[in-house]
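This report covers selected side-chain contacts and strand pairings. Please keep the sequence and the model at hand while reading.

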Amino acid sequence: METKMFCYQCQETAGNQGCTQSGVCGKKPETARLQDVLLYATKGFSQVLTILREEGKKPETAWNHQVTENLFLTITNANFDDARILDTIKKTLELKADALDMIKEKEALSQAARWNPAGQEEISACPKAGVLAAENEDVRSLRELLTYGLKGMAAYLKHANTLGEEQPEIDAFLQSALAKAMDDSLSGDQLVALVMEAGKYGVDVMALLDKANTGHYGNPEITKVSIGVRKNPAILISGHDLRDLEMLLEQTQGTGVDVYTHSEMLPAHYYPAFKKYSHFAGNYGNAWWKQKEEFDSFGGPILLTTNCLVPPSDSYKDRVYTTGAVGFPGCKHIEAQADGAKDFSQIIAHAKRCPAPTEIETGEITGGFAHNQVLALADQVVDAVKSGAVKKFVVMAGCDGRSKSRNYYTDFAKALPEDTIILTAGCAKYKYNKLNLGDIGGIPRVLDAGQCNDCYSLAVIALKLKEVFGLEDINDLPIIYNISWYEQKAVIVLLALLHLGVKNIHLGPTLPAFLSPNVAKVLVDTFGIAGITTVEEDMKRFFPE
């Protein structure tokens, strides 16, 4: 069968080998091709910006932002809009031409940096774009591991930039690493070192985003969030962008329109700044992959602020609005103005024409256990560990997904000994955050730190516990890592944990398809990375008698 595309960047890639006919995510071959070309153009642009820095010149902030946005556009389930991707390729080439005019030494420029297609036909026919351009399996694997980590880094950097936080060192590394991902002269050892360096900057970018979020909205605090509905018309906001939520709440205030969060936007309820909005009603539904039925039943308009968009059904497609890096043909897109402000009047007017949401569940869920809140409870936690009331912590962070094999994580949570506490962040929480697992001496057995980027909080908590208990090695803590992954932000979180020295991380429900046998062996031998088996077998492994 003819290979129409090739993509294996997400956990659900076909046969755990690669999507070759169309994406399991819903991405068409034409879209996949344009995303490959956009990535190729971005690598070329990044090399030009890297040379610019080497010559002592400072790239424009807008150029740095374009690189991060381009990578965000290619993350799984973010953008399916061919016209938008093509326009972004053209814009990137224009910016690259401006940057090229500023550099003196052009001899070292790669083919991607020199690439200057005459029109759309030449853009689509770009010969070097795509994963399979690297023929050596191990080189390809390391390049893609690096690239996917950089995509995740770019997503977090984009959110920090939106809130006014800049860190030029992160931009410089990201762009330099993208350029090096094309360098045929790099050895396997050099590529491995580059991947590990990405982990260091992964920690930095999550710290930067944490600073941005807490600086603007306060430190997350223990919060009970309603999962029922009210009787007012409403807007459902999904994704990760807190600035989009802030603008939406400001503009809906006093309109009679409520706002509900969905999936990864749930942790917004934990920030003090958002609690002043009485129309911030609660959380509706579950993880991203259930959105078809949940967006249908919601009844009102939905705002997608970042990746995690499932191609919408006709029954509700006219109610889906996209913004930021998100795009889908036929869905209304809300652009930011020059100052970053967005006008949500159209979606607010749409909400007023719709009925109140249909109730799908009732009750409350509790979260808000980011590092500041947990450290405020440090004495209580330490006492619980010293007394033996808490024997182990299990980090079950990461992503959720539609595969039935992910029910493993629900069953695993249920089977955990009652003296065990789950530390979580990301939409993986939806596999167990509505279970009644109780508490240990007042400490909930599920401590939700927030979004996927808030895995940084889990690292801060672990490092603090290491200090409190006077341990030399973070791996001496009574912490098990059983993490589920789905897309590229999980890759940078993994690399960040490896940089911090965490070993024996278990990844599931499958190991990434983009790890060649040799690259996987390096990770297993060096860091003890392993997969999962059955709940019964893993319980014996993690909790030996």
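## Arg143 and Asp184

Arg143 counts as buried, at 11% relative accessibility (buried means under 20% relative accessible area, exposed over 50%, and partly exposed in between, with a 1.4 Å probe and protein chains only). Asp184, at 67% relative accessibility, counts as exposed. The two side chains meet in a salt bridge with an N to O distance of 2.7 Å; a salt bridge here is a side-chain nitrogen of Lys or Arg within 4 Å of a carboxyl oxygen of Asp or Glu. Arg143 lies in helix 6 (residues 137–162) and Asp184 in the loop between helix 7 (168–180) and helix 8 (188–217), so the pair ties together parts that are 41 residues apart in sequence. Helices (H or I, at least four residues) and strands (E, at least two) are DSSP runs, numbered from the N terminus.

## Basis of the values

This is a predicted model, in which local features need pLDDT of at least 70 and side-chain atom pairs count only at pLDDT 80 or more, while totals for chains, interfaces and linings use all residues. Residues are numbered from 1 along each chain as its sequence is written, and side-chain values use heavy atoms, with hydrogens and water left out.

## Other salt bridges

The structure holds 18 salt bridges. Side chains of opposite charge can pair when their charged atoms come close. One of the salt bridges joins Lys275 and Glu221, at 2.8 Å from N to O. This pair links distant parts of the chain, 54 residues apart: Lys275 is in the loop between strand 3 (258–262) and strand 4 (280–283), and Glu221 is in the loop between helix 8 and strand 1 (223–226). Lys275 is partly exposed, with a relative accessible area of 38%, and Glu221 is partly exposed at 30%.

Glu55 and Lys57 also form a salt bridge through their side chains, at 3.1 Å from N to O. Glu55 counts as partly exposed at 25% relative accessibility, and Lys57 counts as partly exposed at 25%.

## Strand 9 and its partners

Strand 9 (residues 392–395) pairs with strand 10 (residues 420–424) in the parallel sense over four bridges; two strands pair if DSSP finds at least two bridges between them. In this pairing Phe393 stands opposite Ile421 of strand 10. Strand 9, helix 14 (residues 407–415) and strand 10 make a right-handed β-α-β unit (right-handed if, with the strands pointing away from the viewer, the path from the first strand over the helix to the second runs clockwise).

Strand 9 also pairs with strand 14 (residues 479–484), in the parallel sense over three bridges. Val394 stands opposite Ile480 in strand 14.
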